[in-house]
Number of protein chains: 2
Amino acid sequence: MTHSHDHGACIEDAIAKAEKICMERGSRFTKLRRQILEMVWQGHTAVKAYDLLDQLAKQGGSAKPPTVYRALDFLMEEGLVHKIESLNAYVGCIHPEDTHISQFLICDKCETVQEMSSPALDQAVLGAADNANFAIDRQTLELHGLCSNCSGSKKAA
Amino acid sequence: MTHSHDHGACIEDAIAKAEKICMERGSRFTKLRRQILEMVWQGHTAVKAYDLLDQLAKQGGSAKPPTVYRALDFLMEEGLVHKIESLNAYVGCIHPEDTHISQFLICDKCETVQEMSSPALDQAVLGAADNANFAIDRQTLELHGLCSNCSGSKKAA
DNA sequence: GACAGACAGTTACATAATAACATATGCCGA
DNA sequence: TCGGCATATGTTATTATGTAACTGTCTGTC
C-alpha cells in the first residue's frame with residue numbers, strides 16, 4: 001500500500017467513484033472540487049488545508065481559505081474525504097460508495113494513512129458505548145505508530 | 001457522574017493525586033501548573049486553552065498563550081490531563097497513577113467527557129492493529145453522541 | 001555568592017478555520 | 001430567450017489554535 005504501486009490508478013479510481021456518486025446523488029462535482037480531491041489524493045498521506053491552498057495559489061489563481069474549506073466540507077459530506085483530527089489534515093476515502101465508520105492507522109514515520117475496516121473493532125466500540133448507556137453519533141479512531149514497512153516487522157505477507 | 005455530585009471532592013482528589021505523582025517522579029508541581037490543573041478540573045467537560053488563558057488574565061496577570069500551553073504540555077506528559085483532539089480541548093485524567101490508553105465518551109449536548117476503560121475495546125484495538133502488522137504508539141479514540149442522562153434512555157442503574 | 005538548569009514572561013508569528021458579504025454560474029420555468 | 005432562483009465561488013476581515021525564540025527569574029548546589 002505504501003510503496004511502489006501505480007498511484008495514478010488510485011487517483012483515477014477515486015475521481016471516477018466521486019463522479020459516479022455525485023451523479024447518482026444529484027450533487028455537483030465541480031472543477032474546483034475535483035481539483036481539490038485530486039490534490040488530496042496525491043498520496044496516501046493526510047494533506048493540510050493550507051497546503052492545498054498553496055498548491056491552488058501556484059496554479060495561478062488567488063485562492064483564499066474559504067475556497068479550500070468549502071470544497072473540503074463538500075467532499076466530507078459526500079464521504080469522499082475524511083478529516084484526521086489528530087493531524088488537522090485530510091485524506092481521501094478508499095470506499096466512498098458505502099457509508100461507514102472510519103478507523104485509521106497513521107504511520108508517524110512515512111506518514112501513510114491507512115483506512116481500516118474492522119468489524120470486530122466496530123463491535124467492541126459499540127459494546128463499550130452500550131455498556132455506558134451512551135448513544136454514539138460519530139467516532140474518531142486514529143491509531144498512531146509505525147506501519148509494517150517502517151517498523152521493519154514482517155508477518156504473513 | 002454528570003450531575004449532582006460533590007465536585008469539590010473531584011478537584012481535591014485530582015490535585016492530591018497530582019501532588020503525589022509529581023513528588024514520586026521528582027517533577028515540579030508549581031503554583032501555575034496547579035492553577036491550570038484546577039481550572040481544567042472545574043467540571044467534567046473539556047476546557048479550551050484560550051479559556052484557561054482568559055481565566056488567568058482575569059485573575060490579574062497578563063497571561064500569554066505559551067504560559068498555558070507549557071503548563072498543559074507538562075500536565076499531559078505527566079498523564080494528568082488528556083487532549084481531546086476532536087474538540088481541541090483538554091480534560092483532567094481520572095486515574096493518572098497508571099499509564100493507560102485513553103478512550104472518551106463525549107456528550108454533544110451536556111458536553112460531559114467521560115473517560116472510559118474497556119479491556120475488551122483495548123483488545124480489539126490491539127487486534128486490529130496487529131492484523132495490519134502495525135505497531136501502535138498512541139491512539140485517539142473519541143466517541144461523540146449523547147450520554148445516558150441526555151439521551152433519556154435508562155438501562156441498569 | 002556563583003553557577004546550572006528549570007520555569008515563566010514576552011514578543012512575534014504561524015497555522016487553522018469561519019463569518020459576512022459580493023459576484024458568478026448553472027438551471028428551470030414562463 | 002429571458003428572468004429569477006439556488007448553488008457555487010470570490011473577497012475581505014477576523015477569530016481560534018498553537019509555536020519559535022529570546023529574556024528574565026527562581027531554586028538548589030557547590
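Start at DNA strand C and select the 20 residues that surround it (near: C-beta atom, placed from the backbone, within 6 Å). The closest are A:Pro65, B:Thr30, B:Leu32, B:Lys64 and B:Pro66. This is a predicted model: local features need pLDDT of at least 70, side-chain atom pairs count only at pLDDT 80 or more, and totals for chains, interfaces and linings use all residues. Residues are numbered from 1 along each chain as its sequence is written, and chains are lettered from A, ligands numbered from 1, in the order in which they are written.

Now color by element (DSSP runs numbered from the N terminus; helices are H or I with at least four residues, strands are E with at least two). On chain A, helix H3 (49-58) and helix H4 (65-77) each give two or more residues to the surface near DNA strand C. H4(B) has the largest share, five residues.

Next, color that surface by class (nonpolar: Ala, Val, Leu, Ile, Met, Phe, Trp, Tyr, Cys, Pro; charged: Asp, Glu, Lys, Arg; polar: the others, Gly among them). Nine residues are nonpolar, six polar and five charged.

Move to the contact between the chains (C-beta atoms, placed from the backbone, within 7 Å). Select 34 residues from chain A and 34 residues from chain B. On the chain B side, show strand E4 (113-116), helix H5 (119-131), strand E5 (135-146) and helix H6 (148-151). E5(B) gives the most, 12 residues. This side divides into 16 nonpolar, 12 polar and six charged residues.

Finish on strand E5 (residues 135-146) of chain A. It runs antiparallel to E5(B), joined by 11 bridges (strands pair at two or more DSSP bridges). Center on A:Leu141: B:Leu141 in E5(B) stands opposite.

Note on methods: Two residues are in contact if their C-beta atoms, placed from the backbone, lie within 7 Å.
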